[in-house]
Amino acid sequence: MSDPIIELKDTKLHYKIGNAVSAMMGLSTTVKAVDGVSFSLRKGESVGLLGESGCGKTSMGRILVRLEEITGGSARFEGDEIGDLKGSDLQRFRSRSQMIFQNPFDAVNPRYSIRKTLEEPLANAKISRSTWHQRIIDALDLVGLGDPEQFLERYPHQLSGGQLQRVVMARALILEPDFVVADEPVSMLDVSVRAGVLNVFRDVRDRLGLTAIYISHDLALVRYVCERTIVMYLGKIMEDGPTEDIVHDPLHPYSQALVAAVPTPHVDQSHDPLPIGGGAPDPRNPPSGCVFRDRCPRAQLRCADEVPQPRRIGTRLVACHFASV
Amino acid sequence: MPETVADTHESGVARIFAAIRLPVGDPFALAGLVIYAVFIVTAICAPYIAPYDPSEILYTADYDLASDLPPGAKGHLLGTTSLGRDIFSQIVWGARSALLVGFTAAFMVAFIGSIVGLLAGYFGGWVDAVLMRLADVAFGIPFLPFVIVISAFSEPSIWNTVIAMGLVLWRDTGRVIRSQVLSLRSRGYVEAARVVGSSDLKIILRHITPNILPLSFLYGSIAIGWAILTEASISFLGFGDPDAISWGFMLQDAFASQALARQAYYWFIPPGLAIILVVSAGFFISRGYENLLFPKLGR
């Protein structure tokens with residue numbers, strides 16, 4: 001097995017919130033957006049980060065493109081600690097690790113033409129100006145914007161959401177990165193154009209041999225795009241393994257709930273009520289022991305005392321005391 | 001955000017106007033712009049408009065001092081002062097110092113305030129802490145006494161007002177722009193620029209500054225009025241430059257010569273009116289900006 005391109009060890013991202021007064025009142029002043037996450041990605045591997053809002057999956061992605069600095073543990077890109085990169089190393093990292101943003105309407109400067117938007121990464125990477133035009137055309141072509149010339153002088157408000165998201169993808173891919181974080185790239189799009197954008201993402205990833213992280217709350221989308229899935233809950237990894245295995249036989253109670261929550265097209269077919277209820281707890285005050293225990297149908301006394309460590313079960317890592325095949 | 005992009009195709013002057021978004025659609029703002037235009041033209045063409053040197057002591061044809069002439073008498077449009085100076089010429093030349101003070105002070109307030117706001121908002125951390133504590137100190141300084149102190153310790157000059165404004169009044173602009181930058185900094189396209197490797201300077205100049213320019217101009221237009229008012233107050237209090245003809249100086253002159261008691265309205269009403277007009281023009285324009293920036297406030 002080749003060296004991992006991404007390697008996280010006990011990565012933590014804790015935000016300080018509140019002030020001295022709230023601390024004195026006994027309120028917790030840290031939010032553990034990411035709390036002790038470890039996994040690694042091989043070159044060319046794509047993994048889906050799955051979880052409900054607030055579970056830390058977006059923070060996770062932001063760490064990997066250095067939009068956030070970790071507060072503990074280690075996050076490495078090809079062996080280099082991401083937070084320690086400086087100067088030309090950082091500049092090289094910026095051209096090799098990219099992000100596709102969730103909201104295409106927000107991710108491009110409304111004052112910039114499409115050409116200007118795509119020129120920005122080229123200028124930063126000090127690519128020779130004479131090749132810019134061709135590279136922009138190629139990138140737009142790559143993401144399936146037919147007849148790219150006609151888009152160059154247009155402005156974001158003149159494009160549809162699907163077109164704009166392709167521009168965002170083109171910007172991420174124009175420097176031919178090795179690693180891409182896609183943060184729910186289709187959640188803001190009309191359902192009718194989602195499939196097109198998803199297919200482009202898949203094709204491009206395969207063609208360029210990209211290592212990719214696909215962040216989503218939608219198991220069906222992750223299944224469509226990624227061979228491996230990491231299920232997160234409240235800043236921790238619950239289950240990590242091949243997507244098909246998780247879909248067909250989820251081992252962690254939370255994964256089981258996520259799989260059960262996927263709607264089926266059979267309207268008349270009665271299905272079991274969801275095994276869990278309520279919402280995620282206040283992230284400032286997560287439950288002791290296993291963070292999932294207050295919603296878990298299988299919780300026992302032990303779960304309140306002991307934080308379950310990830311255990312290898314077959315092809316998977318599962319963080320639950322009671323999970324078994 | 002479509003409203004911010006409507007004019008992106010034009011170039012040159014049109015783009016500058018689009019960037020600062022001169023509020024020509026608002027009737028009040030338009031009135032303010034017209035008033036400014038009149039005063040600016042007056043200030044620039046002062047030597048051609050003013051019939052006399054504003055500080056020259058004039059004599060009548062029969063070698064009498066041309067003092068305390070009522071409006072219209074002997075070719076003096078607004079009459080003369082007790083020392084035989086032409087009031088109309090003083091008003092015209094006063095526009096020059098008023099606008100000079102107004103615009104330079106406004107520029108300093110808008111410029112310093114924008115820089116402070118950009119740095120504090122964008123970098124946060126200790127930069128933010130230091131700059132905002134400085135702003136707190138500036139907020140604690142009572143403005144007019146501060147100008148008087150500065151004037152007392154330096155040569156009397158209209159630039160004292162400008163310097164004092166630059167030292168103190170950036171605080172409001174800085175605070176407001178900082179808060180705007182805080183929200184802009186987390187916009188997707190700013191983060192995207194960071195991910196594609198744009199430097200902080202580039203992000204500030206190309207992605208953030210264009211969005212705060214209208215706010216800078218709003219505070220700049222308010223500062224014009226403030227500066228003129230302050231300069232007039234300082235001159236009226238007698239701390240002004242005795243050689244520079246300003247509207248405040250005219251009021252002081254009229255006051256000291258007891259024009260009020262002699263009911264020489266033609267002496268102190270014109271400079272007062274001029275100050276009111278220019279100051280309110282600044283506020284009219286800023287009002288237009290407010291409508292543009294915060295459309296929900298309504299009209």
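Chain B has twelve helices and zero strands, where helices (H or I, at least four residues) and strands (E, at least two) are DSSP runs, numbered from the N terminus. This is a predicted model, in which local features need pLDDT of at least 70 and side-chain atom pairs count only at pLDDT 80 or more, while totals for chains, interfaces and linings use all residues. Residues are numbered from 1 along each chain as its sequence is written, and chains are lettered from A and ligands numbered from 1 in the order in which they are written.

Of the 299 residues in chain B, 47% are buried; a residue counts as buried if 20 or more other C-beta atoms, placed from the backbone, lie within 10 Å of its own, as exposed if 12 or fewer do, and as partly exposed in between. Two residues are in contact if their C-beta atoms, placed from the backbone, lie within 7 Å, and among the contacts in chain B with a separation of 6 or more, 72% join residues 24 or more positions apart.

One helix to follow through the model is α4 (residues 87-123) of chain B, which has 37 residues and reaches 52 Å from its first C-alpha to its last, close to the 54 Å expected at 1.5 Å a residue, the expected span being 1.5 Å times one less than the number of residues. Helix α4(B) is mostly covered, with 29 of its 37 residues buried, and it is followed by G124(B), whose phi is positive, near 60 degrees.

In an unreviewed entry, UniProt lists residues 28-50, 98-123, 212-229 and 264-286 of chain B as "transmembrane region", although such annotations may be inferred rather than shown by experiment. In the model, residues 98-123 of chain B are 100% helix and 0% strand, with end C-alpha atoms 37 Å apart, and residues 264-286 of chain B are 96% helix and 0% strand, with end C-alpha atoms 34 Å apart.

R178(B) counts as buried because it has 24 C-beta neighbours inside 10 Å, and, leaving aside its neighbours within four places in sequence, R178(B) is in contact with G117(B), A120(B) and G121(B).

Finally, the two chains meet where 18 residues of chain B are in contact with 22 residues of chain A. On the side of chain B that touches chain A, the elements giving two or more residues are α9 (188-195) and α10 (200-236) of chain B, and the largest share, seven residues, comes from α9(B).
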